[in-house]
Amino acid sequence: MTEDVQKLVRGEWTSGVISGKHEFEKLAEGIQTIIAKSEQAILDVKKAEQLKNELVTNVAHDLRSPLTSIIGYLDLINEDRYRDELELRYYIQVIHAKTDSLHTLINDIFEYTNMQNEQAIIQQHSIHIEELLNQLAVQTQIQLEEAGMEWRQFNSATDPVIIGNGTKLVRVFENLIQNAIRYGSDGKFLDIRLNDNEKMVEIEIINYGQHIPGVDLPHIFERFYRVEKSRSQFTGGSGLGLAIAKSIIDLHGGTIEVTSVPGRTAFTIKLLKK
């Protein structure tokens with residue numbers, strides 16, 4: 001056992017079981033536990049570093065594209081390289097759209113980073129989920145009409161009240177509703193189903209348009225995950241929308257899942273009752 005410990009001190013220990021006679025078995029087991037925890041800590045640090053590098057790389061990629069377009073159109077305007085006022089206005093509209101895209105991305109990065117802090121949700125109060133959904137139905141009415149869709153809400157819950165941060169939960173539902181409108185307009189209906197039991201409130205947000213390919217479903221809540229070679233496809237404009245949604249639900253002690261087949265995609269959220 002002494003020889004094994006000396007190897008550990010010299011950094012020569014790789015894996016295996018530390019040996020020891022009967023009277024030293026407990027000590028050997030303790031040292032073995034320390035080694036296992038140390039190895040796991042090293043792996044966790046490496047994983048965190050890899051995730052940080054991936055985040056920086058993805059953010060740089062998503063910042064570069066709109067910035068390149070903005071600079072390009074500004075150069076055209078600065079050099080008077082446009083035919084008339086109509087084309088000038090078009091250039092300005094493109095610049096405005098790209099600027100909005102940058103603004104959304106930056107806000108989502110801050111939000112996602114904040115959600116990784118377990119203390120992020122500091123203000124919690126009673127939230128009646130049915131009332132929250134009714135408010136969102138009113139707020140999205142015009143957008144639904146423009147998309148040719150109809151909001152249908154089916155409530156069978158008796159007491160859908162939870163404790164949580166209303167502002168952050170609204171962010172979750174808004175993201176899922178916007179995705180449902182963006183990719184479900186072919187299906188005409190946006191269905192909301194609200195159920196509960198003694199412990200949980202369950203909310204389903206369903207659209208009947210484009211489905212999410214099965215190969216992508218396990219990764220849909222990962223930040224910046226690409227679906228069909230597009231960052232924004234199914235995951236919001238910045239590629240962080242669903243990752244933020246999952247982080248918020250996790251911090252509330254709930255779950256969020258997705259199922260998708262041709263003609264039907266459903267996001268299901270479960271939250272603990274008050």
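## T268 and its contacts

T268 is in contact (heavy atoms within 4.5 Å) with E202, I203, E204, T255, I256 and E257, leaving aside neighbours within four places in sequence. T268 lies in strand β7; helices (H or I, at least four residues) and strands (E, at least two) are DSSP runs numbered from the N terminus. T268 counts as buried because its relative accessibility is 15%, where buried means under 20% relative accessible area, exposed over 50% and partly exposed in between, with a 1.4 Å probe and protein chains only.

## Basis of the model

This is a predicted model, in which local features need pLDDT of at least 70, side-chain atom pairs count only at pLDDT 80 or more, and totals for chains, interfaces and linings use all residues. Residues are numbered from 1 along each chain as its sequence is written, and side-chain values use heavy atoms, with hydrogens and water left out.

Not counting residues up to four places away in sequence, I269 touches V172, F173, L176, V201, E202, I203, I249, T255 and I256.

## Overall fold

The protein has seven helices and seven strands, in the order α-α-α-β-α-α-β-β-α-β-β-α-β-β along the sequence. Of its 274 residues, 39% are buried.
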